[in-house]
Amino acid sequence: MASVEFANVRKSFGTHPVIKGVDIEIADGEFVILVGPSGCGKSTLLRMLAGLENISAGEIRIGGQVVNGLAPKERDIAMVFQNYALYPHMTVADNMAFSLKLKGAPKSEIDKRVKPAAEILGLSHLLERFPRQLSGGQRQRVAMGRAIVRDPQVFLFDEPLSNLDAKLRVAMRAEIKELHQRLKTTTVYVTHDQIEAMTMADKIVVMHDGIVEQIGAPLELYDQPANLFVASFIGSPAMNMIKGKLDPNDNAKFVTDKGIVLPVAKAPESAKGRALIYGLRPEHMTISSGGIPAEVVVIEPTGSETQMIMRIGGDDITGVFHQRVSAKPGETIGLSIHAEATYLFDAETGQRLV
């Protein structure tokens, strides 16, 4: 196991910069997820760590050693890809043992490593099968097993669950997290799915347009987003954003551009007179007879909760309610907003004020 550090890492393809000075510290044994939309640079960063992509500037360190000039095989890392990358003519056992055979490891050592890894991943009864005889989830386990038997310093996962169906993705999330808790190997995981990031990571790195927007624990990013991008990206459904300003006579009131008054718990003096964005999580409101009038636009019952799109003075917002909702589209309901759970962002810079 080892720590990983990115120090002012940059990458350009020709004259086009894709990584614009990234600094990340990953502790020994930590499970860190790089998350962001397509094109943000997260996979490029992972490939540079693996040695599959050259670095334009900066340093990458594994276990304190600068690895910029090291070949992938010299970095003591193991990578699990999105497409499994299994050899179709080899059995599960041979696929898992392939890297050890390349190193010339004796059969006794190969068996000593493959069998425990297969047991951990529930593959013991499948060792003689070929990839074509396996389900998608089983193939992904084989790819993980191939990485485990190498006993690397760092595991790298590049969107490993993207090819699986929704139910299997949920099961595999739990399996990968349990595997990390058991092995305690430093893990760097790339995904565009913020639910994966929230449920699996010790620490999340939110990336956007080649830069790091914020680094923190999952609930820290959810409760204290640094800016509009993080606030809108972390959380499903996404945070509601409404344009407006503070009431000049009352810092506890926010007035939307459409003239609707919304509650605010507290606001800094510096927020007065500035164009603001009001942030409200979908779960931080309740239906109340004496609340703010809201027209019901769409109702989406999911069983355990009901999601609704509502219109407040021309602004559409999403609410999540855990009680059964009897309202119908076109009806007007009252909303009580939890003022202490609201956010204010500077409309110009996007930075969170409170």
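Which residues does Asp158 touch, not counting residues up to four places away in sequence? Some notes on this and on the wider fold, bearing in mind that the model is predicted.

1. **Asp158 and its contacts.** Leaving aside residues up to four places away in sequence, Asp158 touches Ser43, Leu46, Met79, Val80, Phe81, Gln82 and Val190. Asp158 itself sits in strand β7, which covers residues 154-158.

2. **A charge without a salt bridge.** I'd look at this one in the viewer: Asp158 is buried, yet has no salt bridge. Arg47 is the nearest side chain of opposite charge, and it is 5.9 Å away, whereas a salt bridge would need a side-chain nitrogen of Lys or Arg within 4 Å of a carboxyl oxygen.

3. **The sheet around β7.** Strand β7 belongs to an open sheet of 6 strands, running β6-β7-β8-β3-β9-β10 with mixed pairing. The edges are β6 (77-80) and β10 (211-216); each has a single partner strand, so one side of each is left without a neighbour in the sheet. From one strand to the next, the twist averages 20 degrees.

4. **The β9-β10 end.** Here β9 (residues 203-208) pairs with β10 in the antiparallel sense, over 5 bridges. If you want a residue pair to click on, His208 has Ile211 in β10 as its bridge partner.

5. **Two domains.** As for contacts between them, 9 residues of domain 1 meet 11 residues of domain 2.

Notes. Residues numbered from 1 in each chain as written. Predicted model: local features only at pLDDT ≥ 70, side-chain atom pairs only at ≥ 80, totals over all residues. Heavy atoms only, no water. Helix = DSSP H or I, 4+ residues; strand = E, 2+ residues; numbered from the N terminus. Buried < 20%, exposed > 50% of the residue type's maximum accessible area, 1.4 Å probe, protein only. Lys, Arg positive; Asp, Glu negative; His and termini not counted. Contact = heavy atoms within 4.5 Å. Pairing = 2+ DSSP bridges. Axes fitted to C-alpha atoms, helices over the stretch in contact; angles between N-to-C directions.
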